[in-house]
Amino acid sequence: MKTLKFIAYILFVFFLSQNVQNIFAQNIIQGKIFDKQTNEALFGATVVLSNNKKIGTVADANGNFALQTSEKADSITVSYVGYENMTFAISSQNLLIALPQSEANLQTVVVTASREAQLRTDAPVAISRLSPTIINDTKPTLVAELINKISGVVMLNYNNEQHGMSIRQPMGTSAYFLYMEDGIPVRPMGVFNHNALIEMNIFAISSVEVVKGPASSLYGPEAVGGAINFITQRPTAIPTAKIGIQADQWGYQRIQYGAGAMLTKKLGVYIGGFVAKQRDSWQTFSDYDKFSINARVDYNLTEKTKLIWTLSNNDYNSQTGGGVDSIAFYNRQYTSSTNFTYRKVHSLRTKLAIEHQWNKNNETTLSLFYRDNAIGQNPSYGIRWVSGASTATGEINENSFYSRGFVLQHSKKFEFLNAKLLAGASMDNSPTTYWAYQIDLAAQLRADKKSVETYTITKERPDIQLANYKADLVNTGIYTQFEINPLKALKMTFGLRYDRMALDYVNNLDKSSGKKVYEKFTPKIGATYDLGKGKGLYANYSQGFSPPSLTAIFRKRPNPDPNAPAEFYYNLEPAQFDNIEFGGWASFMNNKIYVDFAFYQMNGRKELLNIRQPDNSFDYQSAGKTLHQGIEYGITFKPNDEWFLRFGGTNAVHRFVEFTLSTKSTDQLKNVDGLDMPQSPKWIANSEITYKPKFLKGFRISAEWQRISAWFQNQTNTVSYNDKGFLGMEGISFVNLRTGYEWKGIEIFMNVMNLTNELYANAATRGNNATDRTTYTPAAPRTFVMGLQYSFSGKK
């Protein structure tokens, strides 16, 4: 018996010693993985031993990883979709791994196409993404400097951050675009403002995604021409701070800052913003001030549950010099005809979101949001003057709203055919008020009596109201999207959304009240096919739907002919669009060359148009049928780590198919069937070449070319804007130069905008009458933007 106990004791000691030896023989490799540009954690990044790819782990929500192994290893390999695969030597107990994003767009990860992260190549839509690296190298003063880098898109600079947009639509103030911040619309449906991106903090943007074509099946009405999603900075994996200044010779100055960190293992914060002002610029009466700040707090309740709180606040106060006539424009006399017009904007947005992963196949997100917004203005576009008259009228108006709403979404993955179901619902309650009244003006004419040199206010007329209404606006939506792979290379996507815009209103102009409802189902079907070796095709059919804005519904109609009967208010129906497109992508030379393209045709019905009247006012009209057709294309070429070239563009036609412009017997042209829509250039392109030499690490220089071909200024196609720019090209053609040098966190940079000092207009419009004259929105002359920025990164 004692012998058996002794043998058992010896065996126990032997096995214990073996296990202790194995425990002490285990190596623990740990560290943190984050984006090289933004320092944001890369959740899910893969870490494997370089000499044994079967041994590995993944990074957690804070970018942390710990890899235990009994094997000896000198290095690890780190990979993440959309980033460069890199190998790192094991040089310390806690590795800090900064992973650079891949220049090969083929593996870009996007979230806007399906409301969840996915590969660009899995999305059957035309979608583009601006990476943090591109945003950082651009050092933009304006959002337009970023958006114009996206193929098929042009954002027009109307000065002082005012702007127009074109995505599969004519250039200008179209309401058929959706602007979002982290997936939540910046404004509610029905209260669109083409200047809404004034309410954006450019220094808090981490990346930008643009979906081209109708996205109504996921995001609802207004996402017709396209949707732009600004993705803001997240808390950084390591302590990060940056502060900088930039200014130009025309009186623009800006101080900008940002900082982020994980304060604990569960709590992370980021805060960033800027203060800007402009004084005595190249255009008279164009001073402005802007204050912007964004904040975000992430808290990991558990490994599967996260709370996210965000805040965005923007205050803007600007003089608005407006456009100029041909005499001032061609003499480069950028003098304003007013000294009283202005725009004041207050915008506050906040969101509280909870994200929960039930298991590997089920995730739920609930976002609660609130908005508080007000715009007060005496707009230059509101001035009404008849040629030769010594008097005119203008207006003062204000639009304000606040919003309370939610977006609830659940996604479920299935075991069969890689299927996935997405379902969600949204509600947005936005009580809105709007009022506008007339002001009387005196017009000091030039010697030719055909244009105005100066307007002055003679009297404010609150007794003459142009609009005065209150509306309790409630937007609701339910949507679903189903994805399935019937074949390994084929992914099918089916989407459907129901939207309802309802408003209870009181119209104080005619003392009426009531209720209006607009509702519609919008479907979508799409497919992607992987041809292999970095090549693929996609196709989709989708519908777009957009109710008229509240201002268009309740504003009093202009009536330039006092003898002609006119409806007191507009009776407008929702615009509807059918879109079909086909596209693809391909990479060549080991991902050094990447090409994508899209052919589309979008047929519109009852599209809302602004028709300029003889007194410079605008009348809303719905076009019977319109056609939007074109091709979008982009190419990037990265031969090595020093050079990068991109070229993107669109060739398109925007045309009236059936549209009765006038029913007046005195008008020669009553319909414009078959004519081009105004401000519809046939070709838009943007190209850039960047050089980052190895022999001078931290230095960069790039040249960018912007091209917009000639366009018709009016609906009757009688007058074109075809001035010559850089290289003698008609329309708009100019070059921007950017350069900078970064050393130990200190960066000095210079942007030279409009390098060759071209004279051009970002907008040139006129009415359809023979006596109408062109109004030009002049672009800035050559501008030197200088800046200095310091960035700090900790090691925690």
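Two rings of Phe, Tyr or Trp (its six-membered ring) count as a pair when their centres lie within 6.5 Å. Keep that in mind as you move through this predicted model, which holds 23 aromatic pairs.

**First stop: a stacked pair.** Select Y633 and F647, whose rings are stacked at 6.3 Å centre to centre, with 20 degrees between the planes. Y633 belongs to strand β32 (residues 618-637) and F647 to strand β33 (residues 643-658), so the pair ties together parts that are 14 residues apart in sequence. With a relative accessible area of 27%, F647 is partly exposed.

**Next: a ring cluster.** Pick out Y434, Y469, Y505 and F554, which ring pairs link into a cluster.

**Then: charges over rings.** Show R168 with Y600: the charged end of R168 sits over the ring, 4.2 Å from its centre. Now go to K139, whose charged end sits over the ring of F749, 5.4 Å from the centre.

**On to the surface.** Select I243, I245, I255, I746, I748, L788, Y790 and F792; together they form a nonpolar patch with about 750 Å² of accessible area. Colour β17 (240-248), β39 (746-753) and β42 (783-793), each of which supplies at least two residues of the patch. The most come from β42, with three. Click on I245 in strand β17: its relative accessibility is 46%, so I245 counts as partly exposed.

**Last stop: an open sheet.** Trace its five strands in the order β10-β15-β16-β13-β14, where the pairing is mixed. At the edges are β10 (126-130) and β14 (184-185), each pairing on one side only. Strand β13 (residues 177-181) runs antiparallel to β14, joined by two bridges. Finish at M180, which stands opposite P185 in β14.

Technical notes
Residues numbered from 1 in each chain as written. Predicted model: local features only at pLDDT ≥ 70, side-chain atom pairs only at ≥ 80, totals over all residues. Heavy atoms only, no water. Patch = residues over 30% accessible without salt bridge, like charges linked within 9 Å, V, L, I, M, F, W, Y side chains within 5 Å. Areas by Shrake-Rupley, 256 points an atom, 1.4 Å probe, with all protein chains shown as cover. Salt bridge = Lys/Arg side-chain N within 4 Å of Asp/Glu carboxyl O. Helix = DSSP H or I, 4+ residues; strand = E, 2+ residues; numbered from the N terminus. Buried < 20%, exposed > 50% of the residue type's maximum accessible area, 1.4 Å probe, protein only. Pairing = 2+ DSSP bridges. Phe/Tyr/Trp six-rings, centres within 6.5 Å; stacked < 30°, edge-to-face > 60°. Lys NZ or Arg CZ within 6 Å of the ring centre and 35° of its normal.
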